[in-house]
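This report describes selected features of one protein chain. It is intended to be read alongside the sequence and the coordinates.

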Amino acid sequence: MELGLVPLLLLCFFISISSAEFSAKVGVNYGQLGNNLPSPSESVNLIKTLRAKRVKIYDANPKILEALRNTDLQVSMMVPNELINNISSNQTLANQWVHANVAPFYPQTLIRYLLVGNEILSAPDKSIWFNLVPAMRKIKHALKIHGITKGKVGTPSAMDVLESSFPPSNGTFRSDISDSVIKPMLKFLSKTKSFFFVDVYTFFPWASDSTHIDLDYALLESTNITYTDPVSGLTYHNLFDQMVDALIFAMKRVGYPDIRVWIAETGWPSGGDYDQIGTNIHNAATYNRNVIKKFTAKPPVGTPARPGVVLPSFIFALYNENTKPGPGTERNFGLLYPNGSNVYEIDLTGKTPVSEFKPLPQATNNKPYPGPIWCLVKEGANNSAVAEALSYACSQGNQTCDPIQPGGKCSKPNTLAQHASYAFSAYWAQFRKAGGSCSFGGLAVQTIKDPSYGSCTYPGAKI
């Protein structure tokens, strides 16, 4: 009997190792919010040059799914946020969605994960929160009806699903979702052997508190900085592990200690606005190379709370996407420029030694820019939208737009762009420290060149 068990045990061992190696392969997020991006077929070829083994798309784009047919790339696709409410109460609609968007491509396109929405639990519309898990159940049942047995269902969450993440052992889900959404979701993920998909960006906590968080600790570059959790006793060598373990402890706290974690997004911006610290190619390349090295380590390193456990992952993102809204960082997470060239050299297998990459440019903005910075109308902005934004800016604060009123020092030239640029700068100078932004729905751009002229002085934001 004992001799007969040896081959079986060896087989299980090799299957386990093979599974770990397979799961550790790094993928890339293929966003499409750009008006100058390569075609799906060109994009698939570029994904292959990055040596990615997985790809995640944020919809069910049939052209992309067709381009992925008969490749070895595992695919994660997404049910749009706007369909969740309807699908949650309508199995027929879920069946129709799977029939129209998944079945025509499966199994030749290696669709493995159906993600229901994106960061739903961060959405301001709370009504959708409570429809998320019912929608996940219905999509899972629709896959079963269509015989798609390899497809797992999940949903990506941002780290703001936690109300406490420090120390990691104190990780706790937000009280407004813990019992009503998270527990049913974890029950579903446990029953279906799926993953908790989470977006983990060390850039954001570092950028918001760079005086207390060491940059190298955020970049996974530190060799001599550690943090020991006073409750768990676990020692941390980087911020990424702290963030992931906070989620793991939060799941344990509500009774689900064993749900697997999938890093749905992680990355670092290679550019941004003048007031965004640390947004440069040096940091972006350093972070992504280091985190890929972590993900692909053999044997797997895991995190302090789960040592030796594989973390499947997607790097964000394939391209710099020029139509993404928000601050400049949102348009600068790409591994590639829209023309297909590398922002910096990267190998998603983690096999290329850093010494074989070209030297990186020195980081020049790891300290806050002191200012002033001005906020002007972006060239080519829609006039009617600019007029609305001008009206909004002038309605805020104290005497924000007095100088552009008739007879004011900045009233001439009397053009929409001139008046709106003054109003945007005046608004931002007053409200930046209170959370105001130089965005205005994508209509504005920052500058460090003083636009003042003659007796007209533009207020500038101090950092």
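The model is a predicted one.

**Strands β9 and β12**

Strand β12 covers residues 260-265, and five of its six residues are buried, so the strand is largely enclosed by the rest of the structure. Its partner is strand β9 (residues 195-199); the two run parallel and are joined by five bridges. Within this pairing, F197 stands opposite W262 in β12. A contact between a charge and a ring also occurs here: R260 lies over the face of F195, at 4.0 Å from the ring centre. In a regular strand, side chains alternate between the two faces of the sheet.

**Helix α7**

Helix α7 comprises the 14 residues 178-191. At 1.5 Å a residue it should span 20 Å, and the 18 Å between its end C-alpha atoms agrees with that expectation. Its buried residues are S178, V181, I182, M185, L186, F188 and L189. Viewed down the axis of α7, these buried residues fall within an arc of 165°, so they line one face of the helix. This spacing can be read against a general rule: an α-helix has 3.6 residues a turn, so residues three or four places apart point the same way.

The buried residues of α7 pack against α6 (129-145), β5 (152-154), β8 (172-173), β9 and α10 (239-253). On the face turned away from the buried side, α7 carries the exposed residues D179, K187 and K191. After the helix comes K193, which has a positive phi, near 55°.

**Helix α12**

Helix α12 consists of twelve residues, 383-394. V386, A389, L390 and A393 are the buried residues of α12. Seen down the axis of α12, they fall within an arc of 105°, so they line one face of the helix. The elements that cover these buried residues include β16 and α13 (416-431).

**Aromatic contacts**

There are 29 aromatic pairs in the structure. Two of them are set out here.

| Pair | Distance between ring centres | Angle between planes | Arrangement |
|---|---|---|---|
| F316 and F333 | 5.7 Å | 70° | edge-to-face |
| F424 and F440 | 4.0 Å | 10° | stacked |

F316 and F333 both lie in the loop between β15 and β16, so their pair ties together parts that are 17 residues apart in sequence. F316 is buried, with a relative accessible area of 6%, and F333 is buried at 2%. Both residues also belong to one aromatic cluster, formed by Y58, Y201, F203, F204, W206, W268, Y287, F316 and F333.

In the other pair, F424 lies in helix α13 and F440 in the loop between α13 and β17 (444-447), 16 residues apart. F424 and F440 are buried. Elsewhere, R174 lies over the face of W129, at 5.1 Å from the ring centre.

**A loop residue**

Is K358 buried or exposed? With a relative accessibility of 62%, K358 counts as exposed, because the threshold for that class is over 50%. K358 is placed in the loop between β15 (313-315) and β16 (374-377). From S194, K358 is 164 residues away in sequence and 39 Å away in space, C-alpha to C-alpha.

Conventions. Residues are numbered from 1 along each chain as its sequence is written. This is a predicted model: local features need pLDDT of at least 70, side-chain atom pairs count only at pLDDT 80 or more; totals for chains, interfaces and linings use all residues. Side-chain values use heavy atoms; hydrogens and water are left out. Buried means under 20% relative accessible area, exposed over 50%, partly exposed in between (1.4 Å probe, protein chains only). Helices (H or I, at least four residues) and strands (E, at least two) are DSSP runs, numbered from the N terminus. Two strands pair if DSSP finds at least two bridges between them. The expected span of a helix is 1.5 Å times one less than its number of residues. The arc is that of the directions from the helix axis to the C-beta atoms. Contact means heavy atoms within 4.5 Å. Rings of Phe, Tyr and Trp (its six-membered ring) pair if their centres lie within 6.5 Å; planes under 30 degrees apart count as stacked, over 60 as edge-to-face and the rest as tilted. A charge sits over a ring if NZ of Lys or CZ of Arg is within 6 Å of the ring centre and within 35 degrees of the ring normal.
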